[in-house]
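Open the model in your viewer and keep the selection panel at hand. The stops below go from charged pairs to the whole chain.

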Amino acid sequence: MDVILRPQSEVPLYKQLYEQIVSQIADGSLKSGEALPSVRSAARYLGVAIITVKTAYEELEKDGFIYTVPAKGCFVAANAAQIVEKTTIFIEKACKDFLNVCKRSGLKEEEILSVVKEQLRR
C-alpha cells in the first residue's frame, strides 16, 4: 500500500487513508480481491494509531470498497461497476469539498484554476 499521510493537513488522517485507498482502487493499483495490510501492520507502517486505520477500513467497508473475512483480513471488493460508481461519487464529493475550501479562503476562479493546473503538472 503506497500511502502518504500529512498530519499537518486539515483532513483527518483516517480520511486521508480512506481517500488514498479509494484512489488506488480507482486507478487499478489495488485490484479486486487483493488483500489490504492488517490494521496493526498498516498502523505500524504509517506511524498512526490503530484506531485511525480501523476507522478508515470501516468506512471503506461501509461504502462497499472493501470487505472483511473474519480471521483472514480485508480485501478489495470484487464488484468493479459499484467501485467505479462509488469512485465517481467520491470524486464529485472531493471536488465539492475542495471548491468549498477555496471559496471560504476567498480564492477567485482564476486562482482556483491555477491551483488545479499546478497539481495536474505534478
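A salt bridge here is a side-chain nitrogen of Lys or Arg within 4 Å of a carboxyl oxygen of Asp or Glu. This is a predicted model: local features need pLDDT of at least 70, side-chain atom pairs count only at pLDDT 80 or more, and totals for chains, interfaces and linings use all residues. Residues are numbered from 1 along each chain as its sequence is written, and side-chain values use heavy atoms, with hydrogens and water left out.

**Stop 1: helix α3**

Select E59 and K62. They form a salt bridge, with the closest N and O atoms 3.2 Å apart. Both sit in helix α3, three residues apart, so about one helical turn separates them. Helices are DSSP runs (H or I, at least four residues), strands likewise (E, at least two), and numbering starts at the N terminus.

Now check exposure. Buried means under 20% relative accessible area, exposed over 50%, and partly exposed in between (1.4 Å probe, protein chains only). E59 counts as partly exposed because its relative accessibility is 26%. K62 is exposed, at 59%.

Stay in α3, residues 50-62. Select E58 and K54. Their side chains meet in a salt bridge, 2.6 Å from N to O. The two residues are four apart, about one turn of the helix. E58 is partly exposed, with a relative accessible area of 42%. K54 is partly exposed too, at 38%.

**Stop 2: helix α4**

Which residue does D97 pair with in a salt bridge? Select K93: the closest N and O atoms are 2.8 Å apart. D97 and K93 both lie in α4, four residues apart, about one turn of the helix. D97 is partly exposed at 34% relative accessibility, and K93 is partly exposed at 42%. By the salt-bridge rule, the count comes to four.

**Stop 3: the nonpolar patch**

Select F98, L99, L107, V115, V116 and L120. They form a nonpolar patch on the surface, with about 460 Å² of accessible area together. Accessible areas come from the Shrake-Rupley method with a 1.4 Å probe; for residues, only the protein chains shown count as cover. Patch members have over 30% relative accessible area and no salt bridge; nonpolar side chains (Val, Leu, Ile, Met, Phe, Trp, Tyr) are joined within 5 Å, like charges within 9 Å.

Colour by helix. α4 (80-104) and α5 (109-121) each supply at least two residues of the patch. The largest share, three residues, comes from α5. F98 is in α4. F98 is partly exposed, with a relative accessible area of 32%.

**Stop 4: the loop at A71**

Select A71, in the loop between β1 (66-69) and β2 (73-76). Look at its backbone: phi is positive, about 65°, although A71 is not a glycine. Most residues other than glycine have a negative phi. Is A71 buried or exposed? A71 counts as exposed, at 87% relative accessibility.

**Stop 5: the whole chain**

Zoom out. The protein chain has five helices and two strands, in the order α-α-α-β-β-α-α. Its C-alpha atoms fill a box of roughly 50 × 35 × 25 Å along the principal axes. Buried residues make up 25% of the 122 residues.

Finally, show the surface: the chain exposes about 8300 Å², and carbon and sulfur atoms supply 56% of it.
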